[in-house]
Number of protein chains: 2
Amino acid sequence: MNHLRENGIVHRDIKPGNIMRLVGEEGQSIYKLSDFGAARKLDDEEKFVSVYGTEEYLHPDMYERAVLRKPQQKAFGVTVDLWSIGVTLYHAATGSLPFIPFGGPRRNKEIMYRITTEKPSGAISGTQRQENGPLEWSYSLPITCRLSMGLQNQLVPILANILEAEQAKCWGFDQFFAETSDILQRIVIHVFSLPQAVLHHVYIHAHNTIAIFLEAVYEQTNVPPKHQEYLFEGHPCVLESSLSVQHIAPTTASSPLVLFSMASDTPKGLTFRDPALDVPKFVPKVDLQSDYNTAKGVLGAGYQALWLARVLLDGQALMLRGLHWVLEILHSMCQQTLEVTQTALLFLSSGLGIERLSSGAGMPDFQELKEAMELRSRLQTFSEVLSRCSHNVTEIQVSLSCLGREFLKNQNQIHDDSRSIQKIQCCLDKMHFIYKQFKKSRMRPGLSYNEEQIHKLDKVNFSHVAKRLLQVFQEECVQKYQTSLVTHGKRIRQVQKAQNHLHLIGRSVTACSTEAREAQDNLSKILDRLLLDRAPEPQTSPHPVAPHPSSDPEDLVCHMQELCDDMKLLAFDLQENNRLIERLQRLPSAPDV
Amino acid sequence: MNHLRENGIVHRDIKPGNIMRLVGEEGQSIYKLSDFGAARKLDDEEKFVSVYGTEEYLHPDMYERAVLRKPQQKAFGVTVDLWSIGVTLYHAATGSLPFIPFGGPRRNKEIMYRITTEKPSGAISGTQRQENGPLEWSYSLPITCRLSMGLQNQLVPILANILEAEQAKCWGFDQFFAETSDILQRIVIHVFSLPQAVLHHVYIHAHNTIAIFLEAVYEQTNVPPKHQEYLFEGHPCVLESSLSVQHIAPTTASSPLVLFSMASDTPKGLTFRDPALDVPKFVPKVDLQSDYNTAKGVLGAGYQALWLARVLLDGQALMLRGLHWVLEILHSMCQQTLEVTQTALLFLSSGLGIERLSSGAGMPDFQELKEAMELRSRLQTFSEVLSRCSHNVTEIQVSLSCLGREFLKNQNQIHDDSRSIQKIQCCLDKMHFIYKQFKKSRMRPGLSYNEEQIHKLDKVNFSHVAKRLLQVFQEECVQKYQTSLVTHGKRIRQVQKAQNHLHLIGRSVTACSTEAREAQDNLSKILDRLLLDRAPEPQTSPHPVAPHPSSDPEDLVCHMQELCDDMKLLAFDLQENNRLIERLQRLPSAPDV
């Protein structure tokens with residue numbers, strides 16, 4: 001299209017039927033635009049008046065004249081191609097046309113015109129569900145669209161702006177190319193939201209910052225960036241907002257980033273339309289063309305069921321795997337908390353030997369001793385708190401191990417579940433074989449009696465196998481998925497509870513260790529002071545007492561008086577000390593005595 | 001076969017061509033034995049004399065009479081079926097016959113007979129590579145056999161015992177059934193040996209103990225049980241020898257147990273035969289049957305290449321993933337060691353305040369103080385050692401992060417590499433299309449001129465595409481695999497080095513913490529003693545000094561004398577103390593003063 005635009009050519013009949021798919025050297029798809037029967041030279045600003053094209057894909061203005069045959073003076077510009085591209089994109093993305101009046105676009109042409117022209121801006125499809133009923137607008141792609149939400153979010157604004165009848169509001173080709181190129185330049189990061197059990201595809205530029213990525217995830221998951229925690233390949237994956245998205249390891253749908261948040265969502269899982277609703281019924285009589293069409297429709301629903309079955313199974317595998325990882329991480333967090341707690345306890349127990357101090361020595365300073373005693377009992381408390389933390393962590397470990405054992409069983413089940421897919425595949429093989437027969441038959445003028453009998457039998461068989469396929473899908477795949485969603489929800493809550501608990505314990509271990517350290521620090525300072533206070537006594541006070549007593553009796557008496565006073569003071573101190581010691585012995589005995 | 005045996009029937013013409021494959025309801029393969037034209041009732045001990053069967057699969061005794069037409073008096077038992085089963089199993093498992101004389105089994109019948117009868121016991125195949133050349137025996141399945149080594153190890157003894165011409169040595173049906181049932185009852189545990197980069201399939205009974213599993217792994221990997229460390233889904237997986245194998249989580253080839261050992265193997269990776277060696281050449285002239293056969297052979301080699309390409313890519317993915325996991329685990333080990341070290345350092349720094357003690361107080365007991373000083377400097381040393389450990393751990397973390405970033409690049413490459421597989425697949429699709437034409441043509445009596453021209457062109461195209469396929473396989477898949485093996489080897493060594501280093505650090509942290517705790521304990525005991533020694537002094541010695549001095553001068557002098565003596569002692573103590581303090585001040589200054 002870009003090439004046509006650069007060469008000033010308008011195609012005028014763009015539709016899926018005019019796009020051919022080639023398989024390239026590497027097996028990749030190459031799409032080629034064909035059928036230039038209606039093309040003509042037309043520059044950006046030029047107009048033309050002749051009408052061409054296929055009505056479902058026609059710009060409303062051209063539709064008005066060509067289909068409704070209303071006389072009007074409008075001339076058409078290059079944007080008529082853009083409209084057709086829009087309808088083609090919609091059709092390719094969803095399998096159905098965007099604008100459908102009751103009875104189909106070819107039955108109710110006036111309504112068809114009304115839908116395309118009255119469409120509110122922003123809407124990308126319009127349907128009339130009942131005869132003469134109201135028009136229903138949709139601003140998003142239908143549930144049957146297989147494109148990821150991430151891609152849909154990128155595509156819908158483009159569709160809304162090119163499926164726009166009003167020339168003034170409609171995008172030009174330049175903007176269309178710019179916006180579509182922008183999508184093509186993005187990379188996909190697969191994010192599995194574990195609490196919601198939904199796989200997201202985030203389309204983002206490799207040069208964007210991770211902050212932008214986190215915002216994009218927020219848009220799809222409703223988990224604010226600061227609450228987003230990621231795992232990759234079983235281990236925490238720290239994403240630094242300032243780095244570019246290139247620093248994220250390449251993801252795939254089976255190896256995505258796993259988003260784990262504390263949000264207490266109920267897992268909603270995959271939302272999908274039951275393919276059984278789209279299964280057409282065979283007409284009773286033999287009608288080769290109609291039977292072929294019906295078989296094709298049923299086969300389509302069957303393949304959709306197979307695809308869904310795989311997606312559902314992958315979803316279950318991701319749920320189990322993600323939770324397994326979270327369990328393992330919590331387990332090693334437990335281990336780490338335990339080791340830190342044990343180390344802290346080890347050093348606390350070696351402590352400062354206060355037990356010995358309090359029982360043995362007489363303290364000169366009651367206040368300081370009291371303080372030391374208090375500190376000591378605080379340290380004791382800390383050590384008890386830490387022991388309790390350590391005990392709690394062990395309890396969490398036990399409950400995690402229990403959950404882990406449950407998982408083991410589920411993993412065994414998943415291996416069994418893949419059999420359902422084999423069954424569906426087997427049904428499809430059989431159906432495909434009959435479908436190919438129908439495809440051949442429909443080209444022939446008629447069937448012989450025998451051939452007709454075989455055809456009838458094939459119809460019965462086909463319906464029978466199709467029924468079995470849908471039964472397997474409903475009863476094995478869907479029901480198991482629903483059950484596993486419920487179990488997942490319960491487990492997520494259990495794990496989140498354990499995680500919360502562990503966080504709290506971790507915090508109290510840290511707080512406790514810090515306070516214990518401070519208490520130890522203070523205690524050692526007090527001990528210092530006690531040692532210092534005691535040491536100077538014999539050093540400084542005895543100094544004035546000279547070793548030589550004078551022989552003068554008056555002097556002697558005077559000296560004696562001095563000595564006596566000193567002695568009294570000393571005796572008083574001693575009595576005080578004795579009382580202290582007595583009181584100490586009467587104190588509540590130390591916890592570990 | 002079991003059913004036939006129970007009903008006393010001998011089949012006498014068992015070969016792959018008489019076994020039909022049905023696809024069951026769930027897409028599973030169901031094999032049915034057919035063609036009972038040669039069957040007759042024959043009980044275990046009965047004999048028969050008539051000969052039937054297809055010569056490649058014939059028991060040597062029957063071969064001797066039926067093919068070599070030698071008169072002999074042997075009667076044949078039910079074990080002739082067992083021999084045919086053996087040849088059939090070998091053929092199905094390897095794609096070729098076990099006994100091949102030069103020129104093929106149908107060209108050189110005397111040698112064929114010699115191979116089957118002269119085969120040493122234990123050998124399961126014999127080949128004559130040159131005309132009249134020696135016979136070469138093999139005791140294992142060839143490299144082209146796609147069965148895992150684990151299954152081969154189970155199968156080879158069975159083959160050796162039923163491909164046994166000597167009646168006395170040959171197994172009976174009962175033993176055969178017992179041994180094959182035993183294999184069928186085993187479960188498979190996938191073990192990827194990370195240092196060797198080889199995926200192993202361990203066949204084991206669910207009720208066996210893990211100790212037996214570890215031995216089975218030892219047989220395949222040569223890693224002794226005590227050195228086997230496992231990871232599963234990114235996390236260490238502790239296998240308790242006494243538990244049963246059922247406690248191991250279910251594995252798949254893409255999610256195996258990862259065996260990580262410290263063995264310094266060079267990674268050998270997958271050993272395989274280059275499929276290019278098995279590509280037959282087209283004859284120049286148009287020969288519909290021969291062209292079809294050649295195309296079939298080439299296509300077979302092509303599919304083998306596709307299979308190998310996938311296995312090689314999976315191998316690369318497992319290498320990267322496994323190393324990534326080991327890196328992450330080492331990372332969290334680093335984190336854990338760091339936290340423990342930090343906690344230990346925190347408590348050590350709060351220490352016992354010895355700095356303050358040594359600088360301030362005068363100590364009465366020099367010996368104890370010296371000891372305290374020593375302990376204190378030891379604690380200082382421990383704290384330095386721990387700091388150094390913490391520093392080393394940080395260094396390891398940096399180098400691990402570097403490795404991690406390298407990985408990111410490789411993971412991006414793997415995504416590119418899967419394109420090679422798409423290319424091969426695309427070539428195969430084209431080849432398969434031509435092959436189907438050849439298959440149709442070969443049934444026709446002849447080709448028109450135009451058809452022959454198209455056939456010739458198809459042959460050229462087919463060869464061209466086949467060449468491209470093998471080129472992609474060689475130049476993209478194999479070479480990238482070899483390169484990644486070399487890189488893997490280097491990285492394994494780096495990671496092992498880091499792990500060793502980390503283990504050593506972990507051990508010194510533990511040792512250091514323990515010793516530091518002991519030192520702290522001792523120190524606090526000494527401090528206790530210091531406080532106790534000092535406290536009793538004023539308590540016990542001043543007691544005899546009464547507070548009331550007598551007024552009698554003689555008495556007074558006498559008392560004065562006593563006081564003076566006491567004072568002298570006190571003064572002496574004081575001087576001693578002062579000297580001690582002086583000496584202390586002259587001691588080498590404390591490290592952190």
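**Notes on a predicted two-chain model**

1. Apart from neighbours within four places in sequence, A:Ile424 touches A:Leu306, A:Ala309, A:Leu469, A:Val472, A:Phe473 and A:Cys477. This is a predicted model, and the contacts named here should be read as such.

2. A:Ile424 also belongs to the largest nonpolar core, which has 154 residues. The residues with the most contacts inside this core are A:Ile424, A:Phe473, B:Ile424 and B:Phe473. In chain A, the elements that give two or more residues to the core are β12, α8 (288-350), α10 (366-442) and α11 (449-534). In chain B, they are β12 (257-260), α8 (288-350), α10 (366-442) and α11 (449-534). As background, nonpolar side chains tend to be buried together in soluble globular proteins.

3. A:Ala305 lies in helix α8 of chain A. Its relative accessibility is 0%, so A:Ala305 counts as buried, the cut-off being under 20%. Leaving aside neighbours within four places in sequence, A:Ala305 is in contact with A:Pro275, A:Leu469 and A:Phe473. A:Leu469 and A:Phe473 are also among the contacts of A:Ile424. The C-alpha atoms of A:Ala305 and A:His207 are 38 Å apart, and 98 residues separate the two along the chain.

4. Chain A has an open sheet of 5 strands, in the order β9-β8-β12-β10-β11, with mixed pairing. Which strands stand at the edges? They are β9 (198-204) and β11 (235-237) of chain A; each has a single partner strand, so one side of each is left without a neighbour in the sheet. From one strand to the next, the twist averages 40°.

5. Within that sheet, strand β8 (residues 187-193) of chain A pairs with strand β12 (residues 257-260) of chain A in the parallel sense, over 3 bridges. A:Phe192 has A:Val258 in β12(A) as its bridge partner. Helix α7 (residues 210-221) of chain A packs on the sheet and touches β8, β9, β10 (229-232) and β12 of chain A. The direction of helix α7 makes about 140° with that of β9(A).

6. On cysteines: the count of disulfides over all chains is 0. B:Cys389 is in no disulfide, and the nearest cysteine sulfur, that of B:Cys512, is 6.4 Å away. A disulfide would need the two sulfur atoms within 2.5 Å. B:Cys389 is buried, with a relative accessible area of 6%. A:Cys145 is buried as well, at 7%.

7. Two residues with positive phi deserve a look. A:Asn132 has a phi of about 60° although it is not a glycine. A:Asn132 sits in the loop between β6 (125-128) and β7 (135-138) of chain A, and at 72% relative accessibility it counts as exposed. B:Arg12, also not a glycine, has a positive phi of about 70°. B:Arg12 is in the loop between β1 (9-10) and β2 (19-23) of chain B. Is B:Arg12 buried or exposed? At 6% relative accessibility, B:Arg12 counts as buried.

8. On confidence: the model scores ipTM 0.75 and pTM 0.79. Chain A averages a pLDDT of 82, and 83% of the residues score at least 70. Over residues 536-551 of chain A the pLDDT is below 50, and this stretch has 16 contacts in the model beyond near neighbours in sequence. Residues 587-593 of chain A also stay under 50, with 6 contacts beyond four places in sequence.

Technical notes: Residues numbered from 1 in each chain as written. Chains lettered and ligands numbered in written order. Predicted model: local features only at pLDDT ≥ 70, side-chain atom pairs only at ≥ 80, totals over all residues. Heavy atoms only, no water. Pairing = 2+ DSSP bridges. Helix = DSSP H or I, 4+ residues; strand = E, 2+ residues; numbered from the N terminus. Axes fitted to C-alpha atoms, helices over the stretch in contact; angles between N-to-C directions. Contact = heavy atoms within 4.5 Å. Buried < 20%, exposed > 50% of the residue type's maximum accessible area, 1.4 Å probe, protein only. Core = buried A, V, L, I, M, F, W, Y, C linked by side-chain atoms within 4.5 Å. pLDDT = per-residue confidence, 0-100.
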